[in-house]
Number of protein chains: 2
Amino acid sequence: MADIPVSPLAPEAFPVVNNIPGVEFGAMATGMRYKGRLDLLLVRLCQGTQVAGVFTQNSMPAAPVEWCRQALKNSGGTGRGLVVNAGNANAFTGKAGVAAVQSTANAAAEVLGCSPDEILLASTGVIGVPLDVTPIKKALPKIVDGLSASLVRDAAEAIRTTDTYAKAASTLCEIDGKAITITGVAKGSGMIEPNMATMLGFVFTNANISSACLQAILAETNAASFNSITVDSDTSTNDTVLAFATGEAANENCITDPADPRLQGFKAKFAAVMEDLAKQIVCDGEGATKLISVTVKGAESTESARIIAKSIANSPLVKTAIAGEDPNWGRLVMAVGKSGEKANQSALSIWFGDILVATDGQVSSKYQEEDGAAYMKRSHIDLILNVGVGDACSTVWTCDLTHQYISINADYRS
Amino acid sequence: MADIPVSPLAPEAFPVVNNIPGVEFGAMATGMRYKGRLDLLLVRLCQGTQVAGVFTQNSMPAAPVEWCRQALKNSGGTGRGLVVNAGNANAFTGKAGVAAVQSTANAAAEVLGCSPDEILLASTGVIGVPLDVTPIKKALPKIVDGLSASLVRDAAEAIRTTDTYAKAASTLCEIDGKAITITGVAKGSGMIEPNMATMLGFVFTNANISSACLQAILAETNAASFNSITVDSDTSTNDTVLAFATGEAANENCITDPADPRLQGFKAKFAAVMEDLAKQIVCDGEGATKLISVTVKGAESTESARIIAKSIANSPLVKTAIAGEDPNWGRLVMAVGKSGEKANQSALSIWFGDILVATDGQVSSKYQEEDGAAYMKRSHIDLILNVGVGDACSTVWTCDLTHQYISINADYRS
């Protein structure tokens, strides 16, 4: 694969991240697929860590996705370790794929001293190629010796595939007067239209929260973050977001009710980390040069607003127009109409940021094409539409569709 | 807009077309948008011509689409004229757009000596720009003087926008021993995922068939032709397929029952013309270098097979892999899974033409990557999948996604 330049939308530097008490990271370059870069991650979680997960709704889920679903059931939502490999998705690999996840979980359980059911697994890379676990089994005992709480960046690096930069987000808050860290890493660049989760996100906290409570918070914040992004409308077979709460903060009792008022600040900060990570994936969308937010207002329901926003965000004609800095708003009208959702043509309004482009079913008398063209030069484009049939609203993030997307994907396996 | 090279999938020459007794064509270069090329078509239909139509399901239909729907009701499915302009879609143009279609129909009715309700209209081009009817009204009286049954090619030329070649198909058959012509023209290159119709197709015949009977044949053949193609998943606001039967063949009685045994040969030929035109649109898909047919077998229902085939045909990752001649069949698995339709992973089989690639949920032991790579060099790619849950089958046609698609659409309006 040709060298891919770093996304122009990449953050200036890797963010300052806070360690999470109870969580240690280690990574290694096994050479399984990529040469000379980290491609295997091991995370050790302290005893009692609560785990929640959301996974791809693709009906051809990869073996590690099926493993996680089952392991979370078997362990009652607890975990002691996480293993992630990059370069091979272990998807559509039949019985060999099932054997590979079992074998990886056994090896990790051995080095961490726990049950295989307490090991979570995720894979990313090419679909359909059998995963050779030999290098993984060889590497795990070496990685375990170097585990450290401060290696968050290695974790973010080790899970990359076509990602042009490592993605992390971190924040602090308090629960019951105790200092709480929320730190997450993610990867994703192509095959991104997550449906319940995205490929891949891991969020860690030292809060003392039950897995059921954590699952509720994860599901809620996931809807407005990873589930509200799309790069290319292609839902991966491997999408996985896992949340881990080590309980090291030891607030008096484990919090089990997501509506507990002590969690108010935590939930807002957790949502912010999730949104930050999700947007970082869009900013690293294959070939992206523009971050586009699509906000649909005045819809019949939130779900309807979301479907219309996705119809716009996934339209190749909208995305190529923005790549070309062409304020071709007629394509937004087309994309609203093709969504099949209720919308009132004669009440439809469109804004580029603060610029009113169209209103009452036609171009605004005040709109000047030069203003639209100037707005399109920006690296962050806000498209706002009111479809005039109700009060519901939804925002989706996407990126433009450029030559670089074609270049990356026309020879991904070569 | 930069010059776009002729599609490598274009037919070697414009086909030999048969005149249709009762139908005359004329076109003119008005300079409305394009310079020095035909952009306005007028068709005169003899008295008693029966008309059937299928239109876009986009909920933001253009003014001419709404006009046709109403005119067909008012006229009881008869027509005397058709006017098509290229360069301006007259879509999302509010009351001005409604006035423009009324004014165009009035002008055409005057030159043809009929009622405005007997005029059908279609437009194609940019969305959201008010349509100036002055050049149309000026041109129509001039075109009418030069109308001729032999100007089918001018008709096909005049309706082009980003199309790189003019599209027509023609065939002959018999009904009741009378010679019947079926000749059609079409245009379409981008914003192509027709939903009930495509942008634009016109099929003419001298058969003596009632409009209701013609409508039934059109709807049935449309499902397996124009409604089975996609270039970019974007459903136009202007999609229109109209069928015209002049009745000039004068078989004893007008045929009113689509199940009439005398129509058997005619229906097969009509379907062949529709499929030919639909495939010509895919072969002129913006930037296309490969014609791809996707056949899904073993599905729960025909509709389910169709949804899965469309999921594959619209996947940017599938289409870019084929553009890169990369036999990346894992992406087919992803696209089956993201469709949300019932499929059995452990029974899934995939073929490239005659090459068995995957079977029973994993890569076939006999599959050689070199064979797949060699197959991908072809200009016509047949993807065949069996999803292993039933007996239903459907075929969809699409093209690959290339740099040229981006180039065409990033500066379409410039």
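## A salt bridge between the chains

In this predicted model, B:Lys338 and A:Asp234 join their side chains in a salt bridge, 2.6 Å from N to O. The term stands for a side-chain nitrogen of Lys or Arg within 4 Å of a carboxyl oxygen of Asp or Glu. Chain B and chain A have 2 salt bridges between them.

A word on conventions: residues are numbered from 1 along each chain as its sequence is written, while chains are lettered from A and ligands numbered from 1 in the order in which they are written. Local features need pLDDT of at least 70, side-chain atom pairs count only at pLDDT 80 or more, totals for chains, interfaces and linings use all residues, and side-chain values use heavy atoms, with hydrogens and water left out.

## The interface of chains A and B

In all, 55 residues of chain B touch 55 residues of chain A (contact: heavy atoms within 4.5 Å). About 4,700 Å² is buried between the two chains, 58% of it on carbon and sulfur atoms; this is the accessible area (1.4 Å probe) that two parts lose on being put together, summed over both.

Which element of chain B gives the most to the side that touches chain A? Helix 9 does, with 7 residues (helices are DSSP runs of H or I, at least four residues, numbered from the N terminus). The residues on that side of chain B comprise 22 nonpolar, 23 polar and 10 charged. Here Ala, Val, Leu, Ile, Met, Phe, Trp, Tyr, Cys and Pro count as nonpolar, Asp, Glu, Lys and Arg as charged, and the others, Gly among them, as polar.

## How the copies are related

## Two domains within chain A

Chain A is assigned domain 1 (23-283) and domain 2 (291-410), with bounds from an automatic or database domain assignment. Their C-alpha centres are 33 Å apart. Between them, these domains of chain A bury about 1,200 Å². A:Ser228, A:Thr230 and A:Val282 supply 37% of the area that domain 1 buries against domain 2, more than any other three residues. The count of salt bridges between these two domains of chain A is 0.

Terms used: Helices (H or I, at least four residues) and strands (E, at least two) are DSSP runs, numbered from the N terminus.
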